[in-house]
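Please read it alongside the sequence and the coordinates.

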Amino acid sequence: MSSFPRRSLQPLVLLIAIVLSGVFTAMSQPVLTYCEGWNTFYYDTQYIHTVGCAEAVRGFVLQFFAHQWHGILFLSLLAAITCMAVWGIMRRVKCGAVVTSIASLIISLMANVGIVCWTTQMSLSTLLPMGGETAVNRQFIEGSDMVRTQQWDEIIEYFASKAPVANELHQNLLNMAYAEQGKLGDMLLNQPCQNINAIYVSDIPNYLIAAHLSDVYYSMGHIAQSQRYAFESNEKMHNLSPRMLQRLVQTNIIYEQYEVAKKYLYWLKRTLYYRDWADEHLALIKGSDPSNHPLAMKRKCIFADNRFSGTRGLDDDLLQVARSTRGTKQCVTTLHYLGSLYILADYTDQFVSMVEEFGDVLRSNGHLPRYFDQYYNHLKRQ
Amino acid sequence: MRRTISSILFLTILISLAACSQQERKAKALGIDASTFPDYNDVTMPCNIAPPTFILTDESMLHDAIAIFEAGSTKHIVESDGERGFCISEADWHSLTSHATDISVRIQGTNPSGEWVEYNTQKIHISRDSIDNFLTYRLVEPGYEVWGEMGIYQRDLQTYEERAIITNDKTDGGCINCHSYCNYDAETMSLHMRKTCAGTYIRKDGTDTRLQPQPSLVYPSWHPTGKYIAYSQNDTKQLFHTTSRNRIEVFDYSSDIVVLNTETMQTFSCPQLTSGASFETFPSWSPDGRTLYFCSADSVAMPAQYDEACYSLCSIAFDPHTGIFDTKVDTLYNVKREGGSISFPRVSPDGRYLMFTHHAYGNFSIWHHEADLWMIDLQANGFTCPLVALNSPDTDSYHSWSSNGKWVIFSSRRIDGLYTRPFIAHFDGKGHFSKPFYLPQNRADHHQRLMKSYNIPEFTRNATREW
């Protein structure tokens, strides 16, 4: 009598455990994907020796979130195994069907939550979309994930539902998406942007913000600064953050430092999810025609007039980038950043000079971008 | 029955092992040199160093590759690992080096059509001049400013054993640098730390002393008596190039040289070493302790004139008994006349040769791809020349002599242009160096895997206690 309900309940309980785990993991997925950028699994004995067993296990779980559905499936499978194991134990101790079912469900779900919290090292409030301070972090994480995959439309759509965007990091992400689409000059002051921190934050309290700045500078076309912050951020992660290694491969290829790029590719080839990316970039280094590759376009950002980054002002560096990339999409992106920085810093002469030099690039249908036009006309009236 | 099964099992294992073990084959000579990394062909190695490991980098040629190490009647066959690496065991290596002056290395394998072929024989020359037992260096990421893990490590050169002397996870993540030894004695040393443990630390006569002078004491050089340590006090900054291949520029806003008396723990100097009109840095004592070599440049506005700061090589006489410097400064290499800029003067233990790093400008040569090693013969009217045998197209910089003056170790970025690696070369005592070799490592792909640079390699005779 007691075995009948158990047999019929087991598949149902298993299914519920998988669904519950899948839903929770799916809700946490952006955070897990974000964390995967810092820690993946390297199929290499020295990696385990370097980072220790705990980090290696974290990396093993996180690696699957390089592809979001693989990660969700992996953790759901883990929940199913936990559920079956608990079911087996409960059956041995001859518990009732209802108790067995509830215990199996609760323990498998708790195990799933525990694994997600441990691998991300974040609280439940950050993992699940909730309000308050944790929501701010969550929004940055989701935005940063989209920056990594260059989903510019999605970033704009995401933050449109959260307007007004007052947080400076969020503004950075949104403005990056606008700049990449050549719309920053039209959209800059739609959000409460107070100063140049709306474009790039100046305070760098940790390696996560350093990585964020690497993204911003890469988008601007300031490759030296992007490389600098990627390197700094990667140092903190035992030099094995896949996200930063990818960026360093890009910047070193841009600078034609192929032997250094190979060093980072050596490690990326030892992963499950970056192997193909590494092979593609190795082929690029070994002589495939790079002329149409995005990195070849970025190489134009390396301007001839060497100087120390920022010592003549970031704006002057960007002006050089715009000059050396004239005729490319990067030039438009850089000019949108530059014009926005001039407006936010109220650098009037430099703004007018930029418009006069690059008016042909900035004008669309005879008009400057909205806020550039307003500022320019305002200055002309003065 | 059980005995029969055990016998069958034993025989199976034995046959499997026999089938797996490689042996030398009759192979067709390819007539070309094997492409191996690191390159140990035609290098001279000390008889007491750990075995070299290397990778066959020619991916198209050989499968099932073996390396046959041979010296006289002794022969060892080493199979390549899964990544084409060859690692001869320490015991086998030392059995070869114990008597031989040359070790030949032949690499055989099958080509894509299954035929056994062999590359040209490589030679490794073995010198009876032994090398000091230990090497100390800092492992640190090449450049940048925050969050780095670093440490000072000591390597037993006869084996691959590497041991941390101090790591910055014990010092609140602060920078640790400037390790220096007196007369190659690991128990008499100095190092410097920043952040919460900031200070210059001196280990002498079994006692560790912490000093906190301002500005801090860097680039130490121990006087051979152990009574004095010459330091430089530098106001150093770094900036990042936008375009230049030299990613980073490190420069001084000011610098002076002072000497610490390790008995009184008081510093002293002289006007010639602390002039406001010039930057003085990189002090280095002669082996007899009667001359202090240093580098000096006219002070220029930094960072605007960073590429106009060119350091000449100078010296000043010193009386170790009175602790007083002479008033006259000699210029051994005048950059205004001869061009370039000088850093890291180091005199050979016999006092005859002075090796230094020569680069285009400035004083932080590791970020200068044009940096090369040069040497002055102090007994031959200061004859100065670049060390062609040691230099590469990339950075060749910080160097140290072994205690017997027969070996020199230096830092080079010749492999990839960024991550500094230690290379060792034999010196014949008459101004000639052999081809340098990469410090032997326990893995053939060590360079690819290590994400840190070797910094300030220094020999010692004995092991250092942990700090």
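This is a predicted model: local features need pLDDT of at least 70, side-chain atom pairs count only at pLDDT 80 or more; totals for chains, interfaces and linings use all residues.

Residues are numbered from 1 along each chain as its sequence is written, with chains lettered from A and ligands numbered from 1 in the order in which they are written.

**Nonpolar cores**
- A nonpolar core is a set of buried Ala, Val, Leu, Ile, Met, Phe, Trp, Tyr and Cys residues joined through C-beta atoms within 7 Å; buried means that 20 or more other C-beta atoms, placed from the backbone, lie within 10 Å of a residue's own.
- The largest such core has 109 residues, and B:Ala230, B:Phe294, B:Leu354 and B:Val408 have the most contacts inside it.
- This core lies between domain 1 (30-127) and domain 2 (134-460) of chain B, because both give residues to it.
- Another core, of 90 residues, lies apart from it and includes A:Ala224, A:Val321, A:Phe351 and A:Val355.
- Leaving out residues up to four places away in sequence, B:Val408 touches B:Met355, B:His399, B:Ser400, B:Trp401, B:Ala425 and B:Phe427; contact means C-beta atoms, placed from the backbone, within 7 Å.

**Domains of chain B**
- Chain B is assigned domain 1 (30-127) and domain 2 (134-460), with bounds from an automatic or database domain assignment.
- Their C-alpha centres lie 35 Å apart.
- Domain 1 of chain B gives 21 residues to the contact and domain 2 of chain B gives 16.
- On the domain 1 side, β3 (43-46), β4 (53-56) and β7 (85-87) of chain B each give two or more residues; strands are DSSP runs of E, at least two residues long, and helices are runs of H or I, at least four, numbered from the N terminus.
- The largest share of that side, four residues, comes from β3(B).

**Contact between chains**
- Chain B contributes 22 residues and chain A 23 residues.
- On the chain B side, β19 (228-240) and α4 (446-449) each supply at least two residues.

**A sheet in chain B**
- Four strands form an open sheet in the order β26-β27-β28-β29 (chain B), with antiparallel pairing; strands pair if DSSP finds at least two bridges between them.
- The edge strands, β26 (341-347) and β29 (383-386) of chain B, each pair on one side only.
- Six bridges join the antiparallel strands β27 (residues 353-359) and β28 (residues 372-377) of chain B.
- B:Thr357 stands opposite B:Leu373 in β28(B).

Definitions and conventions. A residue is buried if 20 or more other C-beta atoms lie within 10 Å of its own, exposed if 12 or fewer, and partly exposed in between; C-beta atoms are placed from the backbone. Two residues are in contact if their C-beta atoms, placed from the backbone, lie within 7 Å.
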